[in-house]
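Please take me through this structure in questions and answers. Keep the terms plain, and give their cut-offs as they come up.

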Amino acid sequence: MPTSQRLTELPAWRALERHRDATQGRRLCARFAGDPHRAERFSTEVAGFFADWSRHRVDEETMRLLAELAEARGLPARMAAMFAGERINTSEDRAVLHVALRAPAGERMLVDGRNVVPGVHEVLDRMAEFCTRVREGSWTGHTGRPIRTVVNLGIGGSDLGPAMATQALRAYATRAIEFRFVSNVDPTDFAEATRELDPAETLFLVCSKTFTTLETLTNARAARAWCLAALKEEAAVARHFVAVSTNAEAVAEFGIDTANMFGFWDWVGGRYSVSSAVGLSLMLAIGPGRFREFLAGMRAMDEHFRSAPLQHNLPVVLALLGVWYTDFLGAQSHAVLPYEQYLRRFPAYLQQLEMESNGKSVQHDGRPVEVDTGPSVWGEPGTDSQHAFFQLLHQGTHLVPCDFIAFARSCNERGQQHELLLANLLAQAEALAFGKTPDEVAAEGVPPGLVPHRSFPGDRPSTILLGEQLTPFSLGVLIALYEHKVFTQGVLWNIDSFDQWGVELGKQLAPRIASELCAPEDPPLSHDDSTNGLIRRIRRQRRS
Ligand code: F6P
């Protein structure tokens, strides 16, 4: 059960505050100097990833107290409740069982007393059959031509997960089919994605959990019109459109045969859905076998999360570090820095996963939270990011904990370029942690006036996640790692990480404003002065 206890009155919380005050001046260089086994003590290996969190402002006591806090918040019981299919998404009264999407066929996972795993595998098998047909060319377009481009129409979790993963696993994807993702209601997104495509060779995946999302349905209608303008006959829709949704009725109403629909369930949240049929574009790209390897990676992390003791449980460790920085050391943002070009969409994916999940200010029972919750998450791949915003990470006034993500081997080895990439990652983490003192700078002969500018304070924390190589399996591990991190933080903050009421108000207001912008005559306006003025200005500019 969610808790009614006061977080800040828990003995572990109080102890952490005292511990913070007592250790605040302890620098990372001193922590390393004082413990020759620090790197070993604060690292672990899970499912092919080596995780090193030794460059954090923590020691064993910090981690022990944080784990104690997690225990006091009932984390083990909350984990068990999630895996047992209990309705832990309290504000929507739903189970949260994305872990069932990667459970092997023989496993039992129950929602309302029903084993959901057979249904998961039924959909996976249908997806596999469909993907094989498209990839082999036996699923053809209306005129008999093979599919050369797949366009996923979806937004949020119905876009970010599959777009990120399809990009991430491009090294394993067929090159015979091109994959595009249209999410924005901005007409430019659709126009540019389809500009030079041949409708006879294009397959649209309309991907929407609810099948009511304005952006996706608008783009789906645009796609149907674009397709029918060329192919003329309504029957073409059946060969060029498939749906991924939980809402069969709305799919049928839109005109897509539900025989061409791949379903999932209300116990899969949008931002946790990449391992469901929402991953159809990914399966089309990498094939069913590799998609199963991707699921196996997620499953490996699910098993680790479910069974490892809290202090050695990687998602829990990352979550606790996040709570430490957010609530005890005042950090407001968190940077994710993949040193792997294929992961360039990973920070954007994590933004939704983390910020839509934990950007909350009320607890399960409606009381305000007592402390800060999820930070802003942001990032870009290295080394590009080094030449963009690392200045702030090294010398800015904000504390920004970083996750560096890399792989020992590249999917595209070329001379020593990959060593160069990894050297940059290690150099950045080292520079952030240990900096360069004014004395060291002065000893290099730097003029006194420039010494403050050229000194690096250090003590800037980072985690290094090092895999062997980016593969479907390792990507699965990585995604599930962050999914469970987010869940763990939600438990500590006692918030519902699986709802997203904060996106609703804007959605309610937009249709009314749209009708005011489109009205043939100037409509009476009753917004605030600024909104009214902007509506009038846009109307004027669009008419002139
Ligand atoms: O607006 C937020 C949201 O509900 C996300 O949580 C979700 O991933 C996205 O919209 C898309 O929703 P759907 O898959 O139902 O179209």
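Predicted model: local features only at pLDDT ≥ 70, side-chain atom pairs only at ≥ 80, totals over all residues.

Me: How much space lies in the largest pocket?
Reply: A pocket is found on a 1 Å grid over the protein atoms alone, as an open set of points where a 1.4 Å probe fits, with protein on both sides within 12 Å along at least five of seven lines. Grid points are joined across faces, edges and corners, and a volume is the space filled by probe spheres set on the points. For the largest pocket that gives about 930 Å³.

Me: Which element gives the most to the lining of the largest pocket?
Reply: Lining residues have an atom within 4 Å of a point. The largest pocket has 37 of them, with Thr210, Thr213, Gln500, Val503 and Lys507 nearest its centre. Two or more residues each come from α9 (214-231), α15 (346-358) and α21 (504-518); helices are DSSP runs of H or I, at least four residues long, and strands are runs of E, at least two, numbered from the N terminus. With five residues, the top contributor is α21.

Me: How many residues lining the second largest pocket are charged?
Reply: This pocket has a volume of about 410 Å³. Its lining has 17 residues, including Gln341 and His418. Ala, Val, Leu, Ile, Met, Phe, Trp, Tyr, Cys and Pro count as nonpolar, Asp, Glu, Lys and Arg as charged, and the others, Gly among them, as polar. The lining divides into five nonpolar, eight polar and, for charged, four.

Me: How far apart are the closest N and O atoms of Arg64 and Glu68?
Reply: Side chains of opposite charge can pair when their charged atoms come close. A salt bridge is a side-chain nitrogen of Lys or Arg within 4 Å of a carboxyl oxygen of Asp or Glu. Arg64 and Glu68 both lie in helix α4 (residues 60-72), four residues apart, about one turn of the helix. Their closest N and O atoms are apart by 2.9 Å.

Me: Are Glu354 and Lys485 buried or exposed?
Reply: These two form a salt bridge at 3.0 Å. The pair links helix α15 to helix α20 (residues 472-493), 131 residues apart. Buried means under 20% relative accessible area, exposed over 50%, partly exposed in between (1.4 Å probe, protein chains only). Glu354 is at 3% and Lys485 is at 3%, so both count as buried.

Me: Which residues are linked with Arg306 in a network of salt bridges?
Reply: Arg306 meets Glu107 in a salt bridge of 3.8 Å, N to O. That pair links helix α13 (residues 288-307) to the loop between α5 (75-83) and β3 (110-111), 199 residues apart. In the network, Arg306 is linked with Glu107, Arg299 and Glu303.

Me: How far apart are the end C-alpha atoms of helix α14?
Reply: The expected span of a helix is 1.5 Å times one less than its number of residues. Helix α14 (residues 314-328) has 15 residues, so it should span 21 Å. The model agrees, with its end C-alpha atoms apart by 20 Å.

Technical notes: Residues numbered from 1 in each chain as written. Heavy atoms only, no water.
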